[in-house]
Amino acid sequence: MKIKGFLKDVGGASRVTKARLAAFEKASPLPEKTDPVAEVAHAWHPGPIELRVAEIRTASKTAKTVRFVRTDGEKLPFFYAGQFISLGFMLDGKLICRPYSISSAPYEARQDNSYVEITVRRSKGDGLIADYVNDELKAGDVLVGTMGLGQFYYEPLRDAKHIVALAGGVGITPFASMAKEIAHGTLDADLTILYGSVSSDDIVLKEELDRIQSDRVQIVHVLSGDEPDWKGERGFLSADLIRKYSREDSSYFICGPQVMYRFLRGEIEKLNVPRRRVRFEVFGQAKDVSSLPGYPAEMKDRVFEMTVMRGLQKDVIPARADESIVTACERAGIVLLTDCRSGECGFCRTKVLSGSYFVSPENDGRRAADKDFNYVHACATYPLSDLTVKIPIE
Amino acid sequence: MKFYKDHYDVIVIGGALAGLSSALMLADKGLDVLVLERHNLPGGIATSFVRGGIEIEASLHEMMSIGEKDNRLKVGKFLDDMGVDIDWLKVPEAYHASLPGIEITMHPGFETYAREVDSVVPGSYDKVLKVLNLCHTVFDSVNELSIHPMSKPMMLLKHEAFVKTAGYSTKEVLDSFDLPQKARDLLSCYWIYVGTGFEELPFTIFSVLMADYVGYGSFIPHKLSHEMSLKMAERAEEMGVQIEYRQHVEKILVRDGKVYGVRTARGDEIMSDYVISAAYPNKVYTSMIEPLSEVPPQAIKMVNGRRVSLTAFSVILILDKEAEELGIKDYSIFHGTTMDTDEIYRNFKGLGPYKYTTCICHNLGNPDATPPGTCSFSITVLPQVDAWKEVKAEDYDRIKHEIAKQLIDEMSEYLGVDLLDHVLEIVIETPVTVSHYTGMWNGSIYGYAHTMEDHIVARLQTAEAEKFIEGLEFAGAHQISGDGMGPAVTNGRKAAKNVLDDIRKKKEAAAK
C-alpha cells in the first residue's frame with residue numbers, strides 16, 4: 001500500500017463493516033457448546049460432591065480411617081497429595097463443616113475403584129465432629145465434600161527433592177498421602193517422615209505406612225513417652241534429630257497439633273535453613289481464643305447479638321465472644337460454609353457491617369483492602385460487641 | 001426466607017470490572033440493580049489472593065486510561081465521577097524491551113519515547129513521533145466518537161485520520177512509514193495487551209493502545225487490583241446496588257424474544273426487565289438462554305463467525321530476595337526472541353516454548369507490594385484459547401509445570417540468576433484457573449480477537465443489529481472495546497448506556 005493511496009481512502013469503515021457481516025454470513029448456524037477448558041477445571045475442581053461412606057476401619061487404638069466414594073459413580077477429582085477435603089456434617093439438622101487432610105493418595109482417586117480417605121483421631125477434649133466420626137458415622141452415610149483444597153503439597157518448582165516431614169499425632173495424614181503417591185511412582189520426590197507420638201499405641205496408620213517403606217520413603221517413629229521396649233528414636237522432634245535425617249538440601253513440611261508448631265518453630269530456627277524450605281500446614285481454629293495474643297480476656301464469657309444478613313433475609317442469633325462467627329451461625333442453623341477453617345483460605349469471607357471483632361493474629365489471611373472495608377474470614381473472627389454481618393446465600 | 005426483591009430493573013451477571021461499572025452507572029441514574037457474582041468476592045481476575053502471608057496480585061499488569069489526578073483519562077474520570085476513590089500509583093516507566101539486539105527501558109511521553117527510540121536507532125525521531133502523533137489523533141477521535149456518534153461526512157470533516165486509517169491493519173499503516181526494523185520493534189512491544197498480530201490488528205486499536213500507554217503512562221492500585229474491584233463494589237452497594245456473592249446464574253429467562261429474569265444454581269428465579277451478562281455470548285446463546293428456542297440462528301452465526309482470542313498463562317513467583325539483589329530493574333519487561341507479532345501470534349497457538357513473555361515485578365511500581373526482603377515477579381504468556389482446548393485433565397498438571405519451568409528458565413537465563421533458587425511461593429495460573437474462578441468461555445480473558453473482520457469500527461456500526469434478545473446486554477472483554485481492565489470499564493458503561501437508552505426510548509414511545 002502506498003501512503004498516498006491510504007490517505008485518500010475514506011471507505012475503510014464501510015469496508016470493515018462489510019467484512020464483518022460477510023464473516024457472520026459464512027459462519028455455521030449450528031451451536032458449538034464445547035468448552036473443554038471448563039471440563040478440565042471441573043475434573044480438578046467440581047465443587048461440592050456427594051459422597052457415601054464405603055467403609056470405616058481402625059487406624060490406631062484411637063483413630064479411624066473413613067473411605068468415601070462418589071454417589072454418582074464418577075471418579076473423585078484430581079488433587080495433590082497433602083491437600084485436604086472439607087466435609088459437611090449434618091448434626092441435629094445443622095450443617096457443620098470440617099477440613100481433613102486426605103490420607104489416601106491421588107492415584108487412588110483416579111483408579112477404576114475410585115475413593116478418597118480421611119483418618120480422624122478421637123479428640124481429648126471438645127472434638128464434636130472427631131468424636132462423631134469415630135463413634136457414629138457408619139457405612140452408607142451420605143455427606144457433601146469439597147476437595148483438592150489447601151497449599152500443603154510438594155511443588156517441584158519450589159521444594160527440595162527431599163522432603164523431611166515432621167508429623168505429630170493425626171498430622172501424619174497428608175504425609176501418608178504423599179508416601180503412597182511416591183510408592184506408586186506418581187510423585188517424584190524422596191520422603192523422610194519423622195513421626196512423633198507419645199506411645200506406640202498412638203501411632204496412626206502405622207501398618208499402612210510401614211508397608212510402603214522403600215528407598216524413597218522412610219518412616220522414623222519418635223516416641224516421647226516412657227516405653228522400655230522401644231528400640232527406635234526417642235524424645236521430641238528436636239533440631240538434632242531433624243538434622244540427622246536431613247540431606248544437603250531438604251524441604252521441611254510440618255503438620256501436627258498447635259503445641260508442636262510452637263516447639264518446632266524454635267527447632268527449625270536452629271537448623272538455619274532458608275525460609276523457603278519450611279512449610280507449615282494450617283492448624284485449624286484456636287482451641288482457646290482467650291490465649292491468643294491481643295484477645296481481651298475479660299470478654300471471653302460474653303454473649304452478643306449477631307444480626308446475620310443473607311440478601312434481604314435478616315436473622316438475629318446469639319454469638320459468644322469466644323467462638324467464631326462461623327460457629328455462632330452453625331449453632332443457629334445458618335449455613336456459612338468453610339474450607340480451611342483456619343483463617344487462611346478466605347472461603348468464608350464475610351462483611352462486618354457494624355460492631356467490633358477480634359481476628360486471630362496467628363492466622364490472619366485477609367487481603368489488605370478487605371481489612372480496610374471490614375471483610376473478615378468468619379472462621380477466625382470473634383465478636384467483641386453486637387454485630388451485623390452479611391454472608392452469602394447458600 | 002426472602003433473599004431477593006420481587007423485581008429488579010436490571011440484573012447484572014458477574015461482579016467483575018465490567019459488571020460493576022454497569023451497576024455503578026445504572027445506580028447513579030436511580031435504577032434498582034442486582035449483581036450476582038459466582039465467586040465470593042468481586043473483580044473476576046482483577047483480584048488478589050494470600051499465600052504464605054503475602055498478598056499476591058492475580059492478573060493486573062497495568063491499567064490504561066487512568067491518567068494523572070488533574071488530567072484523568074476516561075476510566076480514571078469515570079471512577080472519580082462515581083466516587084470510587086482509588087489510591088493510584090503511577091508506573092515509573094513504560095516498559096523495558098529485551099528484544100534481539102535491543103535492551104532499553106522506555107518511558108511514557110511522546111517526545112521522551114521518540115528520543116529513546118532514537119537512541120537505539122539514530123535518526124528515527126521524526127518518523128516515530130509522526131506515528132505517535134497519528135496514533136494520538138485517532139485515539140482522540142475514538143474517544144469522542146464513542147460518546148458522540150456523528151454522520152459519515154461529518155466524521156470525515158472532523159476525524160479525517162480516524163476515517164482514513166480505519167480500513168487498514170497495523171502492518172499496512174506502519175509499513176507506510178518505512179521505519180527501520182529496530183524502531184518498529186520498539187513500537188510493537190505493547191501488542192500483547194491487545195493480542196493480535198499486526199497483519200490482522202486494526203490500526204485503530206494499535207492507535208488507542210499506543211496513545212494511551214505512551215502518551216499518558218499507566219497506573220496500578222496501591223492495594224493491588226482487589227482495591228479497585230472492592231472499592232467499586234463497596235461504592236455500588238452504597239448507591240443501593242444489591243450484590244450477592246457465590247450466586248451462579250445458570251439460566252437467563254426469555255419469553256417472546258424478551259428477557260424477564262434469571263435462575264441461579266441454587267434455584268432462585270429472580271425477575272428483571274434487563275439482564276447484563278458478563279458470560280460470553282458463546283455460552284449465553286448455547287446454554288444459558290431458557291428456552292434455547294428463543295435464540296435466533298443469527299446469534300449463533302455471530303458467535304461462530306468470531307474468533308475467541310487469547311487466554312493467559314502466568315507464573316507468579318514470590319522470591320526470597322529483593323528485586324535489586326536479583327538484577328530485576330524494571331516494573332515491566334517485554335522479553336522476546338523475535339518482535340514479529342504475527343510470528344508470535346502463531347507461536348501462541350501451541351503449548352510452548354513461547355517466543356514472547358511479559359514480566360512484572362510489582363515491587364518496582366509499588367514498594368509495599370511484598371514484605372522487605374522479598375519481591376514478586378510474574379512471567380506471563382498469552383496463548384490462544386485453541387491451544388488449551390486440547391489439554392486433557394490427566395495431563396494438565398504435567399503440561400502446566402512444563403510450561404512454567406520453561407518460562408522460569410528463560411527469565412533466569414536473562415536475569416543471570418536462577419530464580420528457582422529463590423522461590424518462597426509459586427502460583428501457576430492457567431486458562432483452567434480462569435475458567436474455574438470466573439467461568440469465562442474456554443478460560444478466555446481477551447474476548448474476541450481484534451481483526452479486520454471483527455474491527456472495532458464495524459463493531460460500533462453493527463452493534464444495534466446484533467441485539468438478538470430484547471433486554472439482554474453484554475459487558476466484558478467480549479464487547480466492543482475488547483480486552484483489558486480499562487476497556488472492561490468502558491464495556492460495562494456501554495452496556496449500562498444501552499439499557500438507559502432503551503428505557504428512555506420506551507418512555508418516549510409510551511408518552512406518544
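1. Two residues are taken to be in contact if their C-beta atoms, placed from the backbone, lie within 7 Å. On that basis the contact between the chains takes 66 residues from chain B and 57 residues from chain A. On the chain B side, helix 15 (residues 393-415) contributes the largest share, six residues. By residue class, the side of chain B that touches chain A divides into 30 nonpolar, 18 polar and 18 charged. The model is a predicted one, and the points below should be read with that in mind.

2. Overall description of chain A. Its secondary structure comes to eleven helices and 19 strands. Along the principal axes, the C-alpha atoms of chain A fill a box of roughly 100 × 55 × 50 Å. Of the 394 residues in chain A, 42% are buried. Among contacts in chain A with a separation of 6 or more, 71% are between residues 24 or more positions apart.

3. Domains of chain A. The chain is divided into domain 1 (43-149), domain 2 (162-280) and domain 3 (295-390). Between domain 1 and domain 3 of chain A, the C-alpha centres lie 26 Å apart. Ten residues from domain 1 of chain A and eight residues from domain 3 of chain A take part in their contact.

4. The domain 1 side of that contact. Strand 4 (94-101) and strand 6 (142-149) of chain A each supply at least two residues to the side of domain 1 that touches domain 3. Strand 4 of chain A gives the most, with six residues. The residues on this side of domain 1 of chain A comprise five nonpolar, three polar and two charged.

5. Helix 2 of chain A, geometry.

6. Helix 2 of chain A, burial. The buried residues are A:Gly12, A:Ala13, A:Val16, A:Arg20, A:Ala23 and A:Phe24. They cover an arc of only 110° around the axis, and therefore sit on the same side of helix 2 of chain A. The face turned away from that buried side carries the exposed residues A:Ala22, A:Glu25 and A:Lys26. What covers the buried residues of helix 2 of chain A includes elements of the other chain, namely helix 6 (160-165), helix 12 (297-304) and helix 17 (456-462) of chain B.

7. A:Pro29. This residue is found in the loop between helix 2 and helix 3 (36-44) of chain A. A:Pro29 counts as exposed because it has 11 C-beta neighbours inside 10 Å, the cut-off for exposed being 12 or fewer. Leaving aside residues up to four places away in sequence, A:Pro29 touches B:Pro297, B:Ile300 and B:Lys301. A:Pro29 and A:Ser104 are 75 residues apart in sequence, and their C-alpha atoms are 48 Å apart in space.

8. Strands 7 and 8 of chain A. Strand 7 (residues 162-168) and strand 8 (residues 190-197) of chain A run parallel and are joined by seven bridges. Within this pairing, A:Val164 has A:Thr192 in strand 8 as its bridge partner. Seven of the eight residues of strand 8 of chain A are buried, so this strand is largely enclosed by the rest of the structure.

9. Strand 10 of chain B, antiparallel partner. Strand 10 (residues 249-255) and strand 11 (residues 258-264) of chain B pair in the antiparallel sense over six bridges. B:Val254 stands opposite B:Val259 in strand 11 of chain B. Strand 10 and strand 11 of chain B form a hairpin with two residues between them. In the turn, B:Asp256 has a positive phi of about 50°.

10. Strand 10 of chain B, parallel partner. Strand 10 of chain B also pairs with strand 13 (residues 289-290) of chain B, in the parallel sense and over two bridges. The bridge partner of B:Ile252 in strand 13 of chain B is B:Ile289.

11. B:Asp421. The residue lies in the loop between helix 15 and strand 18 (423-429) of chain B. With 13 other C-beta atoms within 10 Å, B:Asp421 is partly exposed. B:Asp421 and B:Lys512 are 91 residues apart along the chain, and their C-alpha atoms are separated by 74 Å.

Note on methods
Residues numbered from 1 in each chain as written. Chains lettered and ligands numbered in written order. Predicted model: local features only at pLDDT ≥ 70, side-chain atom pairs only at ≥ 80, totals over all residues. Domains from an automatic or database assignment. Helix = DSSP H or I, 4+ residues; strand = E, 2+ residues; numbered from the N terminus. Nonpolar A, V, L, I, M, F, W, Y, C, P; charged D, E, K, R; others polar. Pairing = 2+ DSSP bridges. Buried ≥ 20, exposed ≤ 12 C-beta atoms within 10 Å, placed from the backbone. Arc of directions from axis to C-beta.
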